[in-house]
Amino acid sequence: MSKLPNVTTSIFTIMSKMAVEYNAINLSQGFPNFPVDERLTDIVSRLAKENVHQYTPMAGYPPLMNKIAKLTQDSYNRIINPDTELLVTAGATQGIFTTILALVKENDEVIILDPSYDSYESPVLLCKAKPVRVALNDDYTPNWERIEKACSAKTRMMIINNPHNPTGKILTENDFIQLKNLLEKYPDIIILSDEVYEYITFEEKHISAHTKSFLLDRCVTVSSFGKSFHITGWKIGYTIAPEYLMKEIKKVHQFLVFSVNSISQFAISEYLDVVNVNLLGKFYQEKRDYFQKLLQNSRFELKPCEGTYFQVASYAAISDEDDVTFCKNLIINHGVAAIPISTFYSDHKDQKLIRFCFAKDDFTLESAAKKICQI
Ligand code: PMP
Ligand code: GLN
């Protein structure tokens with residue numbers, strides 16, 4: 001008997017595989033295709049010949065942990081104790097999984113906002129807990145009334161993803177006021193804040209859970225160096241939580257992976273001395289603007305994008321096909337891969353929307369846009 005009977009191959013795997021099979025331009029799965037910063041690759045090349053190849057301490061390589069603490073202070077003015085409140089993880093994915101496994105018990109309820117990224121629900125189900133999916137508003141803002149109605153004494157956790165994949169939406173000060181009001185009524189709910197795109201916001205600044213004092217003792221945040229440093233394949237990130245939660249998270253971590261691969265920890269530790277994460281927003285804003293300009297004469301209607309490296313587009317003026325079929329045909333007939341948005345909804349709500357990843361070099365964006373504009 002399957003423990004996850006409804007889980008199938010992820011849409012990111014399906015679309016990336018099809019893109020290879022049909023030699024299509026892959027704007028589906030979210031990963032950059034431009035070269036990594038040479039300062040980082042130089043560090044790795046040098047380190048590879050040094051003594052960096054054995055286990056690091058379980059929670060992370062201490063110099064890296066100190067630098068993550070400094071980054072958190074510089075970015076959000078939050079002071080953390082790296083010994084007790086920080087864990088280096090094998091990507092944000094492991095941070096999310098480990099946190100849920102450690103903190104959610106059988107019959108607990110976990111609020112997940114629809115549309116949502118795909119790695120939240122399965123760990124909840126593996127805990128024999130209940131995912132409670134609550135739809136965002138049509139403009140992808142949280143519907144706080146609906147969220148409150150979904151809360152009960154059984155609610156253990158609410159997961160927020162800010163900036164939001166796939167919609168590119170970011171939370172506002174007002175959202176945090178609403179969240180604060182909600183949490184005052186439900187003192188047992190903890191927040192899991194997935195902030196992997198924290199440095200990729202555009203006109204409006206990212207508001208991190210780290211900056212909200214009412215969250216500090218009841219929130220777990222996950223971050224990803226994969227997103228921030230264009231190295232998704234390295235699978236490295238980190239999780240920050242108050243000590244009483246982190247103690248439990250570390251118990252699971254030590255048996256899930258024990259420690260994260262050493263050389264990437266050494267390398268990122270050095271790289272953090274020279275890289276400026278605050279340049280990332282401008283870098284991707286230029287990509288977003290360029291991609292939007294390239295598509296302005298297409299028949300797709302582009303939705304607002306406040307953060308992340310994803311552009312949502314409506315093809316309602318082009319086809320009546322459901323979005324999964326549309327994406328498959330987009331690959332087969334037009335040579336461009338994208339992600340159907342219905343796959344982020346528990347009820348697979350088809351709204352004729354697809355997601356393009358614009359974390360690509362200009363040539364790729366231009367080549368894709370040329371094909372897209374012919375549709
Ligand atoms: N959360 C969100 C919202 C994501 O888009 C992703 C995928 N990039 C992850 C978590 C996982 O991040 P990582 O690759 O660091 O595991
Ligand atoms: N986060 C990536 C995306 O949204 C996918 C990562 C994965 O394939 N697991 O495209």
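Ligand 1 is surrounded by 15 residues, the closest being Gly91, Ala92, Thr93, Asn165 and Ser224 (a residue is near a molecule or strand if its C-beta atom, placed from the backbone, lies within 6 Å of it). The model is predicted: local features need pLDDT of at least 70, side-chain atom pairs count only at pLDDT 80 or more, and totals for chains, interfaces and linings use all residues. Residues are numbered from 1 along each chain as its sequence is written, while chains are lettered from A and ligands numbered from 1 in the order in which they are written.

**Ligand shells**

- H5 provides the largest share of the shell around ligand 1, namely three residues.
- The shell around ligand 1 consists of three nonpolar, nine polar and three charged residues. Here Ala, Val, Leu, Ile, Met, Phe, Trp, Tyr, Cys and Pro count as nonpolar, Asp, Glu, Lys and Arg as charged, and the others, Gly among them, as polar.
- Around ligand 2 stand Ser10, Phe12, Gln29, Gly30 and Asn165.
- The shell around ligand 2 holds one nonpolar residue, four polar residues and no charged residues.

**Ser224**

- Ser224 belongs to strand E7 (residues 219-224).
- Ser224 is buried because 24 other C-beta atoms lie within 10 Å; the class requires 20 or more other C-beta atoms within 10 Å of the residue's own, whereas exposed means 12 or fewer and partly exposed lies in between, with C-beta atoms placed from the backbone.
- Leaving aside residues up to four places away in sequence, Ser224 touches Gly91, Ala92, Val196 and Gly237 (contact means that the C-beta atoms of two residues, placed from the backbone, lie within 7 Å).
- Between Ser224 and Trp234, ten residues apart in sequence, the C-alpha to C-alpha separation is 10.0 Å.

**The sheet**

- An open sheet of mixed pairing is formed by seven strands in the order E2-E8-E7-E6-E5-E3-E4; two strands pair if DSSP finds at least two bridges between them.
- The edges are taken by strand E2 (86-89) and strand E4 (130-135), each of which has a single partner strand, so one side of each is left without a neighbour in the sheet.
- On average, neighbouring strands of this sheet are turned by 20° against each other, direction ignored. Axes are lines fitted to C-alpha atoms, for helices over the stretch in contact, and angles run from 0 to 180 degrees between N-to-C directions.
- Four bridges join E7 to strand E8 (residues 237-240) in the antiparallel sense, and Tyr238 in E8 is the bridge partner of Ser223.
- Helix H10 (residues 243-256) packs on the sheet and touches E2, strand E6 (190-194), E7 and E8. The direction of H10 makes about 30° with that of E2.

**Backbone features in loops**

- The peptide bond from Asn162 to Pro163 is cis, with omega near -10°; Pro163 is in the loop between strand E5 (155-161) and helix H8 (173-185).
- A cis peptide bond also runs from Asn165 to Pro166, with omega near 15°, and Pro166 lies in the loop between E5 and H8.
- Asn107, in the loop between H5 and strand E3 (109-114), has a positive phi near 70° although it is a residue other than glycine. Asn107 is exposed, with 11 other C-beta atoms within 10 Å.
- His230, in the loop between H9 and E8, is not a glycine but has a positive phi of about 60°. His230 counts as buried because it has 21 C-beta neighbours inside 10 Å.

**Domains**

- The protein is divided into domain 1 (11-37 + 278-373) and domain 2 (38-271); these bounds come from an automatic or database domain assignment.
- The C-alpha centres of the domains are 25 Å apart, and 22 residues of domain 1 are in contact with 28 residues of domain 2.
- On the side of domain 1 that touches domain 2, helix H12 (280-294) and strand E10 (310-314) each supply at least two residues. H12 gives the largest share of that side, five residues.
- That side of domain 1 comprises 13 nonpolar, five polar and four charged residues.
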